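Here is a short tour for someone meeting this structure for the first time. Take a moment to look it over, and then read on.

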Amino acid sequence: MTRQIVLNAFDMNCVAHIVAGTWRHPESQAVRYKDIDYWLDLAKVLERGLFDGLFIADVLGIYDVYGGGPAAALRSGAQVPVNDPLLVVPAMATVTKHLGFGVTAATSFEHPYSFARRMSTLDHLTKGRVGWNIVTGYLESAAQNHGLDTITPHADRYDIADEYTEVLYKLWEGSWEDDAVGAAPDRAHYADPAKVHPIAHDGRHFRVPGIHLCEPSLQRTPVLYQAGASSRGRQFGAENAEVIFIGAPTKEILREAVADIRARAAAAGRDPYDVKIVNGHVVVTGSSEQAAQARYDEFRRYTDPEGALALWSGWLGTDLSRFDLDDPVAVTDNEFLKSSVEMFGQGQWTLRDFIDAKAIDAEGGFTVGSPSQVADELQEWVEETDVDGFNLTNVITPGSFVDFVDHVVPELQRRGVYKTAYDEGTLRHKLFGRGARLPETHRAARYRHANQEAIR
């Protein structure tokens, strides 16, 4: 059977996500991010294109590293203002039947007990189509605005995330048995107290003695996404994640990362292909190569260099305003986004490189071309790196996704590498074909109650 490419659309509840400035393009609808109709329209486009999911990024801080303050981010709209990613999901679920929704939430800034309820509620309302992108947070401003003096050190953030997910697995998987509730007319009580169990968690970072507030949803645990690319992040992902997002700019870097993650998953007792790995990719396409190139040239005129540098300063944890245009940008190891530091190394880029090469091609691979050229390139990335698919970053929204759906999806389908219809069932079943629940080999399975049926 031909391997099917996994596709997520990558967006954020803000005016400028990854590509700064293009909200000004006359076709862009980015400024409608506050309007629920924008999200409904986007969801319909993605379901028409049979996308596996909409992956919604989020941060709880301001990009205030560049120039020592938030002015550049505010001027460019670079991920600020930014609204909550979870609140738009139920509305999108009402106008779609199959599209999945991956929402980002940091383990550093919300207690797991209340977060467990929010995600179970979403899983109920979407009929099992929700996933959680597990991040630990990396912005200093986010830490300070949540009452911390500074961002927690990188390794400690993942130690906290280990316990955070343990609490969630106990709540989602172990607190309520599958037959604890029922609404049959001959049933005397809605919930059987003997089948609802306090989790009695008393750890280093969290104390949660009681029961989960929600009855089991279709998936119990939402599909687990993760986007940490540092060594510690990869280890956490290999032990927990079902979908891992990478932003590798070359096939060589991606090939190494994919092999490393699969080896770590196997060492954790999991099937290496129980982890779907998707790489960031920007596609600019049209009816022909010439049309695609013209579209790229037009997009390029709307990019905002200052906004791009504001984003990169936040990702790298260093103020790029202190460099001249042709200075090598040497970024030392830090407690912010370690994956970006490792990815681009020391002194391999000048500030002009960032502005010229990374204003649009900001994260992962980059292709400009006709439908057949784009399909060729995506197939090559899959075949040469063992990656499962792509997180597609828009240049303009929803126009970039419309272009891909109209031009590239039919070509991928013609080649037999992309589905022509959705499978029925939950997001997890659509991705793995084994039912709604996590497999027994996953870390969460150890927290299931002894009398609970592990529904697959």
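A nonpolar core is a set of buried Ala, Val, Leu, Ile, Met, Phe, Trp, Tyr and Cys residues joined through side-chain atoms within 4.5 Å. Keep in mind that what you see is a predicted model.

**The cores**

The largest nonpolar core has 76 residues, and the ones with the most contacts inside it are Phe51, Leu54, Trp132 and Phe404. Helix α6, residues 154-174, gives the most to this core, contributing nine residues. Apart from it lies another core, made of 50 residues, among them Ala78, Ile151, Val329 and Trp349. In soluble globular proteins, nonpolar side chains tend to be buried together.

What does phenylalanine 51 contact, leaving aside its neighbours within four places in sequence? Its partners include Leu7, Leu46, Leu99, Leu392, Phe404, Val405 and Tyr422.

| Strand | Residues | Direction relative to β4 | Bridges to β4 |
|---|---|---|---|
| β3 | 100-106 | parallel | six |
| β7 | 223-226 | parallel | four |

Alanine 105 has isoleucine 134 in β4 as its bridge partner, while tryptophan 132 stands opposite leucine 224 in β7. Together, β3, helix α4 (residues 112-125) and β4 form a right-handed β-α-β unit.

**Positions listed in UniProt**

An unreviewed UniProt entry lists Asp58, Thr104, His154, Tyr158 and Ser230 under "binding site". Let us visit two of them.

Aspartate 58 sits in the loop between β2 (53-57) and α2 (71-76). Is aspartate 58 buried or exposed? Its relative accessible area is 18%, and the cut-off for buried is under 20%, so aspartate 58 counts as buried. Setting aside its neighbours within four places in sequence, aspartate 58 is in contact with Met12, Val82, Asn83, Pro85 and Thr104. Thr104 is also one of the positions in the UniProt list.

Tyrosine 158 lies in helix α6. At 7% relative accessibility, tyrosine 158 is buried. Beyond its neighbours within four places in sequence, tyrosine 158 touches Thr136, Gln226, Gly228, Ser230, Arg232, Gly233 and Phe236.

Notes
Residues numbered from 1 in each chain as written. Predicted model: local features only at pLDDT ≥ 70, side-chain atom pairs only at ≥ 80, totals over all residues. Heavy atoms only, no water. Buried < 20%, exposed > 50% of the residue type's maximum accessible area, 1.4 Å probe, protein only. Helix = DSSP H or I, 4+ residues; strand = E, 2+ residues; numbered from the N terminus. Contact = heavy atoms within 4.5 Å. UniProt positions renumbered as here; feature names shortened; annotations may be inferred. Pairing = 2+ DSSP bridges. Right-handed = clockwise from strand over helix to strand, strands pointing away.
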